[in-house]
Amino acid sequence: MTPKLIALDMDGTLLDDFGRLTRRTVTALQSASSAGHTVVLATGRPPAMAVAVARELAGTITHIVGANGSMIATFPALVDDEPEVLHVMGFTVDDATRYVTTLRRHDQDFAFALATDRGFAHEAGFADLMPAAVSDDPVADVLALGGTTAFKLFAFHRSWPVQQLLERIPQLLADNP
């Protein structure tokens, strides 16, 4: 049986160690698409962070399952078109604002990255954690991004390791509803 759908993770699968597509990969995906296969990106990134890759594969990628599965969007063949969001399991920007302000009130060493229906923004330090995924400059405050629906909120701390974040953040948010 010949596959009809090819769904590819981006980081560590589709992209090389530097976060780039190789010519060989582009050619292979174009050939698969030309042969009648549907090619889909499946990634933890929100669509705004996958647009550059999708543009390199213009006419090849038809959809993205992004933000760790919380949204599905089209990627039309025309390079200048924006993706059409087909399905979202998100949370309100008001909730994201409450989480960010609560954590900042507790400790100013928290920093954030945020994906909403208005795009993606990240604060200083995020690019060090996710260098292949970030090509734009940091902002002073991710909450300035705005929007109504949030897809992903990243919280990081300038000195806490991940395990400490996982242990402390739920309690900090529970204590400050």
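Select F120, F126, F154 and F156: ring pairs link these residues into a cluster. Rings of Phe, Tyr and Trp (its six-membered ring) count as a pair if their centres lie within 6.5 Å; planes under 30 degrees apart are stacked, over 60 edge-to-face, and the rest tilted. This is a predicted model, in which local features need pLDDT of at least 70 and side-chain atom pairs count only at pLDDT 80 or more, while totals for chains, interfaces and linings use all residues. Residues are numbered from 1 along each chain as its sequence is written, and side-chain values use heavy atoms, with hydrogens and water left out.

By the ring rule, the count is 7 aromatic pairs. Display F120 and F154 next: their ring centres are 6.4 Å apart and their planes stand at 90°, so the pair is edge-to-face. F120 belongs to strand β8 (residues 119–122) and F154 to strand β9 (residues 149–157), so the pair ties together parts 34 residues apart in sequence. Strands are DSSP runs of E with at least two residues, and helices are runs of H or I with at least four, numbered from the N terminus. Both F120 and F154 are buried (under 20% relative accessible area; exposed is over 50%, partly exposed in between, with a 1.4 Å probe and protein chains only).

Now move to helix α2. V26, L29 and A32 are buried there. Seen down the axis of α2, the buried residues fall within an arc of 130° (taken from the directions from the helix axis to the C-beta atoms), so they line one face of the helix. On the other side of α2, select R23, R24 and S34, which are exposed. Finally, G36 follows α2 and has a positive phi, near 100°.
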